[in-house]
Amino acid sequence: MSTKRYHDRIELLQGTLDLLILRTLRLGPAHGHAIAKAIERGSDDVLQVEQGSLYPGLHRLIKRGWITFDEGTSENNRRAKFYCLTAKGRKQLALETSRWDKLARAMARILRPAKQE
Amino acid sequence: MIRGKRALDGLDQDIRDHIEHETQDNIAKGMTPEEARRQAKLKFGNVSLAKEDTRAVWVWLRLDEVRQDIRYAFRTLRRNLGFAAVVVLTLALGIGANTAIFTLVNALLLRQLPVPEPRQLVQVHSVENGRRGDVFSVPAVQALQDAPAGLAGLFGVSSAGPLSAGPAPAVEQAQAVWVSGTYFSTLRLQPIVGRLLVPSDDRPNASLVAVVSHQYWRRRLSGRVDAIGQPIVVQGVPVIVVGVTPRGFAGLTVGEHAEVTLPLAALPQVIPSAAGQLEAGSQWLRVFARVPSGTSIEQAGTRLASLWPALSERAVSPRMSPQGQQAIRSAMLTVVPGGAGWSRLRTEYADPLYVLMGGVVLVLLIACGNVAHLLLARAAARRGEMSVRLAIGAGRMRLVRQLFTEGLILTIGAAAVGLGIAYWMSHLILRVLSVGPLDVVGLDITPDGRVLGFSLLIAGLTGIGLGAVVAWTVAAMRPALLMTGHSGGATTRRSWAAGWLVAGQLALSLMLLVGAALFVRTLRNFENVDTGFKSHGVLLIRVNPTTVVTQRAEMSQIFQTLLERIRGIPGVKAAAVSMTTPLSGHRWTDGVQVAGGAELSNEDRQVTVNAVSSDYFRTLSTRLIAGRDFTDSDTAGAQKAAIVSESFVRRHLGNQTAVGRVLSFDPGPPDLKDLYIVGVVEDTVQTNLKAAAPPTLYVPFFQQPLVMGESTFEVQTDGSFAQVASDARTIIRQTLPTIHVPMVPMADQIRQTFLRERLLAMFASGFALLALGLSALGLYALVRHRVTQRTREIAIRLAIGAQRWEVIGMVLRDATAPIAVGLAIGLLGSWWMSRYMTSLVFGLAPTDISNAVAMTIVLFSAGLLAAYLPARRAAMMDANLVLRGD
């Protein structure tokens, strides 16, 4: 595919992907692969994210100070980076979640006003 | 940034682990290992792209933040336009002034000649009897040219002198230089049209050719290619123009423009009266050479010096005195870098320029002090905003970077405005210099890479310095304390810093004031020198008929007629004509022996000579001490007369009467032997206001035919210069319609000799006043801030009955610390500085105490006034209002 469309896709998903990562980490620290799996499972496989784009997302969140990481051992005894939410990240999650809710409700109202008719 | 590195560490491993994990999962689902891995990779997507994007996150966000910083900075600055304007203007003044002076330093001292590889060029100097000189005679140059010194060329060149030149009949005055045949080949210049001079043009019987400069070609020969090969008339003699030098090349003398370049061999034909200058006794050429690559300048110099004794035989002539010959033979040659050409301006103005450069740097530092203070004040005012940002997690570094960006934008703006100021200022300086006798028009002050680089450098240093100061104060801020309205430790630091800043500013201002006072007094001393004549109201008119008249008798007649007619102009109180005038830059010296007078050495026998008509002394108000003035009957055929100055009498005759004694020029032609002294006049300065008046001898203008040539009319008017000048011009035009007649008030001619002292005094005063104003402002701001800090305390004191003057006293006492410290440092600095100023002052010692004392008083008063204003406001406050509103 053309580079431009690829980047468009990235743009669209950046904010949402970050939110999903944050949400996943709310339940506790996890490593990269586990996060990817959790997102897939959590959305009943509706959201198929290219797993590669997870990493830029993780680093964006690290840069913003919303998550941090530690070295640890994964379930099959391999060393891996474990990511977890920071206090700021928790605040941001709450903020973004409420924004999403507002957005979703507004969209629903516009797309389906028929209920009133 | 460190976080990013840590996070990126092991990224490859992480991704590999991720894919491995997915592979394991797939195997668990039942796929074959190969299929599992393939599916895992597919699911992951493009690995290298993922890595790239991840790394880009750290770069991208940084750039993004910088963009944010810049936008935010612009927004805040726009909201505080006044503040931004003051900062930009203040810095621009400092940066601009610095760049302006540096432009001159660059043009005069640093810039190399526009020839290939100018760093290979050297100039040859000689040290004779301990005195250093840089002029050689024509035979000396020829000897040096032939010497096997391993040089890639050597030539002699004169400084530019005025000649009448031009395509007939439009003859004007042009600047001409005389060069030896190897001039252009050593410089390695290529003509843009035609050819340049070659050694065969510099032979006695070669046809007369000349090369013109690009500017001259365009201006006077219309830039026409067919002008090459056509003659122009130089001093009445046709000379063929064979070529044009490249644009931008104006000769070897910086500040002069060599419009016409002629070979030395042509001198006797173009100016027959100057034929003697081709002999060994006339030293007037500067010598340059090109050192081949591979040889160092020192090596070339040593080689040349060792060859000189053998060569020097060609440079002496039997007609020179034995001492003169010996001096030449024993001269020591040295070479110095010559890539920047030579300049009379340079030797004169190098020191003043360095002084001005130092001064202007001080001004910049003082301006920076004020700006730093402003920035600090603003940072403190914004501490509310900053504390919030710190509290919600903005990194301290981020905050500092934000402030830094603001400062940077301001500095860049200041640099841009500064360039404009620099342009204006350097042109102003040039205009001031242009009324001088030296042709400054040739000085190229277009900004080149070096000037722009310098400008950026000081702007950058300023920005960094200011940024560091602000960052240092912000670094001390503690968020929690800030939010409660407490200044959080920043104020103490800030107040302490501000106090020292102001002290520093005052110190630098004192140094500038003392310097300026020295220069102003020097200038005053120059203006008050007893010159021995009065120049007020005297107009000088230079007439040079040699281009149209060649017979001496005819010239004498013309001058006679002109003098009579000029004396008849209404408004003219007296008029005379003479060969030279005092401080004109021209000088005739010769050895003179008085019959029965003291036997003097060759050197002591030298006197300054001038040929003057009757009424010369009356026109210039020079006192006649004994005997009589020349009259109209002192003409050819009458008894040969002479008038001498006081110091002449002292040196040659001691206490004896001079009138009636006989003197002769020794050596001299028969016309200048056995002259009777008929009068004695007071001493007048001749070439230099600083030196004592030299012994002077005057001969009657119309009695000595040898003197006929370019002469000057002195006209004492009743003040109406313009009318007299135009009348005189009409009269002269009637007899000599084609020549150029320059007129200058004598007072101007005198003033031109201390032009650089005027320049120094003017600019040093300007800088000093500017510095004083800025420092006073700084002190005012400091005291006002301190008063604001102590508002409550002062209000309480007033409420419990303190007098207003007690409050003022308290505030002022507080302010004395920075003032006192500043003055103390300033005095030390002035004392240190004055050691370097000896060559620039006249009539007073640079360590003159009265200067320092006077300026200290001035600065102290200014400081006190600056502190008094806010003190008074504080004392005037309504204490109850303040306390109630607390």
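Which residues is Arg346(B) in contact with, leaving aside its neighbours within four places in sequence? They are Leu108(B), Leu109(B), Val254(B), Ala340(B) and Gly341(B), where contact means heavy atoms within 4.5 Å. Arg346(B) lies in helix α12 (residues 344–381) of chain B; helices (H or I, at least four residues) and strands (E, at least two) are DSSP runs, numbered from the N terminus. Arg346(B) counts as buried at 17% relative accessibility. Buried means under 20% relative accessible area, exposed over 50%, and partly exposed in between (1.4 Å probe, protein chains only).

This is a predicted model, in which local features need pLDDT of at least 70, side-chain atom pairs count only at pLDDT 80 or more, and totals for chains, interfaces and linings use all residues. Residues are numbered from 1 along each chain as its sequence is written, chains are lettered from A and ligands numbered from 1 in the order in which they are written, and side-chain values use heavy atoms, with hydrogens and water left out.

**The two chains**

Chain A has four helices and three strands, in the order α-β-α-α-β-β-α from the N terminus. Of its 117 residues, 40% are buried. Chain B has 27 helices and 24 strands, and 52% of its 886 residues are buried. Among contacts with a separation of 6 or more, residues 24 or more positions apart account for 48% in chain A and 80% in chain B. Chain A exposes about 7500 Å², with 56% supplied by carbon and sulfur atoms; for chain B the values are about 40100 Å² and 59%. These areas come from the Shrake-Rupley method with a 1.4 Å probe; for residues, only the protein chains shown count as cover.

**Salt bridges**

The structure holds 28 salt bridges over all chains, each a side-chain nitrogen of Lys or Arg within 4 Å of a carboxyl oxygen of Asp or Glu. Three of them are listed here.

| Pair | N to O distance |
|---|---|
| Asp18(A) and Arg60(A) | 3.2 Å |
| Arg55(B) and Asp12(B) | 3.8 Å |
| Asp134(B) and Arg286(B) | 3.0 Å |

Asp18(A) is in helix α1 (residues 3–25) and Arg60(A) in helix α3 (residues 54–64) of chain A, so this pair ties together parts that are 42 residues apart in sequence. Asp18(A) is buried at 7% relative accessible area, and Arg60(A) is buried at 10%. In chain B, Arg55(B) is partly exposed at 39% relative accessibility, as is Asp12(B) at 31%. Asp134(B) is buried at 15% and Arg286(B) at 11%. A network of salt bridges links Arg786(B), Arg790(B), Glu793(B), Arg797(B) and Asp814(B).

**A loop residue in chain B**

Asp683(B) sits in the loop between β21 (675–681) and β22 (696–700) and is buried, with a relative accessible area of 16%. Its side chain makes a polar contact of 3.4 Å with that of Arg650(B). A polar contact is a pair of N or O atoms within 3.5 Å; within protein, one must be able to donate a hydrogen and the other to accept it, and residues adjacent in sequence count only if both atoms are side-chain atoms.
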